[in-house]
Amino acid sequence: MRRRRHTEEHENHERWLVSYADFITLLFAFFVVMYSISSINEGKYKVISQALLGVFNDPERSMKPIPIGDEQPLSVKPAEPLIKDSEQTDAGLASASVDPLKSISDDVRNAFGDLIDSKQMTVRGNELWVEIELNSALLFGSGDAMPSDTAFSIVEKVANILKPFANPVHVEGFTDNLPIRTAQYPTNWELSASRAASIVRLLAMNGVNPGRMASVGYGEYQPVASNDNAEGRARNRRVVLVISRNLEVRRSLTGTGTANATPDAALRRAGTQSAPASTAPAGGG
């Protein structure tokens, strides 16, 4: 009987590859985690990016080293400011001390003292807006939106006061509750809106920036007096110019009308920013 030859098992000399592969996988995961939690210095990235663009686009810059990190100043002497601190402080105090709304209110009172005394014009306001209320009889004929000669004179003076300031202005038109049914003005809505738009047009003609103007007509629906008598109806027929602290205040007032608006907390938050000084003031309706 033949004896079965014993075959020796082949020894695997490549088992180390399994451990090596596990090590490489863990090392790769480690670098992925480190990269994901790292932060990129955006400033240095932009410097390198601009330098590389210069290398390819400008041959003269190709020989210059790429700046990495903070560059050292050429001189240890601090740069002298173009404007001294005292001058900056004085300018800041001067600009902060001038309130456009107060200046406009004071100028209107000085220019129209006779109309204010005769109750045909009313000037009132708060820290967020100034109202200039005019009796419609001063500006328009009965049932009409065509400005009178007096309206041209009044609006010209108002425009000269508003032009130096950047505050937005909108004009509100109001009527009494007596119905109007004409081909041009079917209801008081059209009449009040047309009167407000006429004042806006006059303000623009006299140099007020039209980009910051608006007009709105409220018709008979925001009375300030009773419509049961002639005196009350005369008070309700009015045009109000509203000069706001900024555009946010103007938009808030346009939605509610100044007859129902109060400087509440929301409006005060909207009025924390002044109108930009770089633009001309607006007249609106």
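This is a short tour of a predicted model, stop by stop.

**Before you start**

Residues are numbered from 1 along each chain as its sequence is written. In this predicted model, local features need pLDDT of at least 70 and side-chain atom pairs count only at pLDDT 80 or more, while totals for chains, interfaces and linings use all residues; side-chain values use heavy atoms, with hydrogens and water left out.

**Stop 1: the whole chain**

Show the protein chain as a cartoon. It holds 11 helices and five strands. Helices (H or I, at least four residues) and strands (E, at least two) are DSSP runs, numbered from the N terminus. Of the 285 residues, 32% are buried. Buried means under 20% relative accessible area, exposed means over 50%, and partly exposed lies in between (1.4 Å probe, protein chains only).

Switch to a surface. The protein chain exposes about 19,100 Å², and carbon and sulfur atoms supply 55% of that area. Accessible areas come from the Shrake-Rupley method with a 1.4 Å probe; for residues, only the protein chains shown count as cover.

Now consider contacts, meaning heavy atoms within 4.5 Å. Among contacts with a separation of 6 or more, 73% join residues 24 or more positions apart.

**Stop 2: helix 1**

Select residues 16–37, which form helix 1. Then pick Trp-16, Leu-17, Tyr-20, Phe-23, Ile-24, Leu-27, Phe-30, Phe-31, Val-33, Met-34 and Ile-37. Together they make a nonpolar surface patch of about 1,100 Å². Patches are made of residues with over 30% relative accessible area and no salt bridge; like charges are joined within 9 Å, nonpolar side chains (Val, Leu, Ile, Met, Phe, Trp, Tyr) within 5 Å. Zoom in on Ile-24, a member of this patch. Ile-24 counts as partly exposed because its relative accessibility is 35%.

**Stop 3**

Two strands pair if DSSP finds at least two bridges between them.

Select strand 2 (residues 129–135) and strand 5 (residues 238–244). They pair in the antiparallel sense over seven bridges. Look for Leu-134, which stands opposite Val-239 in strand 5.

Move to strand 3 and strand 4. This pair runs in the parallel sense over six bridges. Gly-173 stands opposite Gly-217 in strand 4. How many of the seven residues of strand 4 are buried? Five are, and the strand is mostly covered.

**Stop 3: Ser-244**

Stay on strand 5 and select Ser-244. Is Ser-244 buried or exposed? Ser-244 is buried, with a relative accessible area of 0%. Leaving out residues up to four places away in sequence, Ser-244 touches Leu-101, Leu-128, Trp-129, Asn-167, Pro-168, Val-249, Arg-250 and Leu-253.

**Stop 5**

Arg-245 sits in the loop between strand 5 and helix 10 (247–256). At 11% relative accessibility, Arg-245 counts as buried. Check Ala-166 too: its C-alpha atom is 9.3 Å from that of Arg-245, though the two are 79 residues apart along the chain.

Now show Asp-99. Its side chain meets that of Arg-245 in a salt bridge (2.7 Å, N to O). Asp-99 lies in the loop between helix 3 (85–97) and helix 4 (100–111), so the pair ties together parts that are 146 residues apart in sequence. Asp-99 is partly exposed, at 27% relative accessibility.

**Stop 4: more salt bridges**

The whole structure has five salt bridges. A salt bridge is a side-chain nitrogen of Lys or Arg within 4 Å of a carboxyl oxygen of Asp or Glu.

Select Lys-102 and Asp-106. Their side chains meet in a salt bridge (2.9 Å, N to O). Both lie in helix 4, four residues apart, about one turn of the helix. Lys-102 is exposed at 52%, and Asp-106 is partly exposed at 31%.

Finish at Arg-124 and Glu-131, another salt bridge (3.2 Å, N to O). Arg-124 is partly exposed at 33%, whereas Glu-131 is buried at 8%.
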